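Okay everyone, thanks for coming. Let me put the structure up, and then we'll walk through a helix and an interface.

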Amino acid sequence: MKKIIPQLLTLILIFLIIGFFTFNANVNMSNRGMEFGYSFLKRAASFDIQFSLIEYSRESTYARAYLVGLLNTLLVAFSGIIFATFLGLFFGIARLSPNFLINRFAGFYVEFFRNLPLLLQLFFWYYAALRVLPLPHETEGFNNFYLTIKSLYTPSLVWQNLNIFLYLLIFAILLVFIVKNYLKKIQEKEGRQYPIVYISILILIIIPSLSLIFGISTFEVEYPVYKQLSKSSGTFIGGLAIPPEFISLFLALSLYTGTFIAENVRAGIEGINKGQKEAAASIGLNRKQILNLVVLPQALRIIIPPTTNQYLNLTKNSSLAAAIAYPDVVLVFAGTALMQTGRAIEIVSITMFTYLSISLSISIFMNYYNKKFSLTEK
Amino acid sequence: MFKYLKQLTSLVAMVAVLFTFTTETMAAKKSKTLKNTIKKGFVMCGVSQGLAGFSNVDAAGNWEGMDVDVCRAVAAAVLGDSNKVKFTGLSAKERFTALNAGQVDVLSRNTTWTLTRDADLNLTFVGVNFYDGQGFMVRKDSGMKSTADFKSGMAVCTNIGTTTELNLADFMASKGLEYKLVGFEKADEARDTYGAGRCDAYTTDKSGLAAQRTVLANPDDHIILPDTISKEPLGPVVRQGDSVWEDIVRWSLNVMIEAEEYGVTSANADMMKTSKNPTVLKIVGVEGGMGEKLGLDNDWSLRIIKQVGNYGESYKRNIQDTGILPGSRGPNALWTNGGILYVPPLR
C-alpha cells in the first residue's frame, strides 16, 4: 500500500498535466476557429520534391510526401551510420598504431572533426567545398563519373527481373545462418573447425549469381549522357545523379560521428587488460584467435553502448538537412507541408513520433546486439 | 471526454463574450486587438526577415519598405505615431502561426492572397498593397529569352512553403517539363545557390527577383525573363474574427491609395484642409467623421499621410528610388494612370 500511493499520485499528476495541455490546446484552437484532424493527409500535396526513392508527383497526397521525406531521412541516416562506423573502426584502430604518422593522422582527424560544430561543417561542405566544383559542360569526367556543382553523375545498373535476384539473395542470407549454426554445432560436438567466413561469402556470391548465369535476371549499365540545356549550361541525363545536398549531409554527418565512434573503439581496445592477451597467448592461441576470441568480444562490450548513442545522434542530426535543401522529413513534411497546410500541431506531432520510432528501433536492435556480447555469468 | 470539453469550451467562450460586453467602451468593446494595442502602446507587426523594398533594416537600424509602411500607417492611425511599431521578422514558415498565436496583430510580409489561406487558415486578407507575379531569373550568357527556352532536366532554385513552389510545380507540369527543385527556407540561400551555378534558374515574385538581382555578385550577368507565370496579389493579413481591427488595417492602406489619387501628399496635407473637394476634406479628416466610424479619432488619416505619406510616395521611396524597379509602376499604378490600383471610395 505504501508503495502504491506515491505511484498512484504520480500517475494522476501525469494525467492532469497531459489533460491540462490537451484542454489548453483545445480551447485555444477552437477560440481561433482552428480544427484538429489528420484528414489533410489525403489531400493532394501539389508541390514537387527534388528527389525521391519512390514514385512521387505533384498529384500525390501529403501522406505520400511524408513517406518520401521519411525514406530520404532513412537513406542518409543509414548510409551515414555505415560510413561513420567504417571511419570509426579505421581511425580508432589507427590511433593505437605504433606508426607515428598513422597515429598522428588519426589523432588529427578525431580532434579536428570532433571539435567543430556540425552545422558549421555542413555549411562548409555545401556552401564552400562543393561550390567550387565545375559546371557540367566544363568537366571531362573520369570513367563516366562526372563530379559537378549540380550533382555527381555516375553510371547506373538497369535491371531486368531484379526481384528474382533479390529473392535469391534473401534465401542465401537465410542459408548462411542455418549453415553457420550447423557448423558450430559440429564444432562443439567433434571439435573440428570449418572456415565459416569463407563458406558464407561463397554462398552469398554463388546463389544470387545463379539467376545471372541462367539469364533470368539481367542488367545493363546505363551511362550518363551530356545534354545541353542552354548556351551556357547543361546537365547529364541517364545514370544516377547524386545531388550535392545529399553528399554534403552524408559527409558532414559521417565525418563528425566517425570521430566519436573512433574514440569508442579506442576505449574498447585499450580497456582490455594486457593480461588477457598474455593469458590467451600462453594457452596457445594464435594472433587471429586472440583478437577474435578474446579481445574483440570483450572490446565490443565496451564499444556498443556508447556507439548506439552515436547512431541515434547521427539519425537525429540528419534533420539539419533543412539548412541545405536536402528533402528529408523535416524539410518536406515539417517544412513545406506545414507551411502549405498550416496544420502545425498535427504535423509536428507526426514528425516527433517519427523520430521517436526511428530512435527506438535503433536502440532495440543495438540492445539485442549488445546482449549477445554481454558477459554471461554462470 | 472531447464532447464535454467542447461544451466546457463554449461555456468559457460565452462567459468571456458576456464579460467583454459588459465592461468596455464603444470601439474597443468590439475589438480585443485594438484594445490590447492601445494598452501596449505599439502595433505588433510581422514582416519578412529582409526583402529590399518591402521590409528591410537600413544602416541606422530602422525598418523600411512597402510592407513596413502599412504597419506604420496603422500605428499612426491608432496610436498617433508611426514609430510605435514593434516589428518581428518572420520566415515564410512562421508567419501564419505567429499571426494565429497572437505574436503579431498585422502580418505585412509580401504574402499572396489565396483562397486556401483566406479560408483554411482562419486569416483575413484586408487588401493588396502590391500586385506582383512570379517570374524567372536566368544567366544572361545562357541565351534564354523566355520560358519557351526551358528544357527538361534543368534545376530551379526557389523558396519552399510559398505559393512560388506551387506555381512552379503547376507551370512545369503544364509545359510537360521535368525539373529538379532545389528548395530553401531562406531567400538568400536560394539566391546564392543559384548564383553559384547549382541551378539554371531562380524563381520568385518578380519584385523579389529584381531585389535579389541587385545583391548578386554581378547583377549584369543575370536577366529576368519577361514571362509572368502567376498572379501574386500581396497584401496585409489579420486574424479572422476581429472585424473592427480588420477595418482599421484595411482603411489605413486604402486611405494611402485614395490620398495619392486625390493628390494629397505628406507635404501638402495640412494645406489641403482648405480644399473645396469634399473627398479631399474627408481624406484629411475635416469632413465626414470617417475616423469615428472606425472607432478612431478623425485625424487618423491626416496622421497617416503626414507621417508615412501616400501610396505613391511610399512606392517611390521604397521601390523606385532604391533601384529595385526604377521604371514604370506597371499594374501598381493608379487605375486613372493605366494601372489596377483601385480602392473603394472613402465615403
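**A helix on the inside**

Let's start in helix α13 of chain B, where W300(B), S301(B), L302(B), R303(B), I304(B) and I305(B) are buried. Keep in mind that this is a predicted model.

So why do I call this helix largely enclosed by the rest of the structure? Well, α13(B) covers residues 300-307, and six of its eight residues are buried, so the rest of the structure largely encloses it. And what do those buried residues pack against? Their partners, also in chain B, are α4 (66-79), α10 (243-261), α11 (278-283) and α12 (290-294). One more detail here: after α13(B) comes G309(B), which has a positive phi, near 100°.

**Where the chains meet**

Now let's zoom out to chains A and B together. Chain A puts 45 residues into the contact and chain B puts in 43. Between them the two chains bury about 3,800 Å², with 54% of that on carbon and sulfur atoms.

How many salt bridges does the rule find across this interface? Five. One of them pairs E245(A) with R198(B), and their closest N and O atoms sit 3.0 Å apart. Counting polar contacts between chain A and chain B, we get 15 residue pairs, with both residues at pLDDT 80 or more.

On chain A's side, the elements giving two or more residues include α1 (4-31), α7 (244-270) and α10 (329-341). Of these, α10(A) gives the most, with seven residues.

Methods. Residues numbered from 1 in each chain as written. Chains lettered and ligands numbered in written order. Predicted model: local features only at pLDDT ≥ 70, side-chain atom pairs only at ≥ 80, totals over all residues. Heavy atoms only, no water. Buried < 20%, exposed > 50% of the residue type's maximum accessible area, 1.4 Å probe, protein only. Helix = DSSP H or I, 4+ residues; strand = E, 2+ residues; numbered from the N terminus. Contact = heavy atoms within 4.5 Å. Buried area = accessible area lost by both parts, 1.4 Å probe. Salt bridge = Lys/Arg side-chain N within 4 Å of Asp/Glu carboxyl O. Polar contact = N/O pair within 3.5 Å; in protein donor to acceptor, adjacent residues only side chain to side chain.
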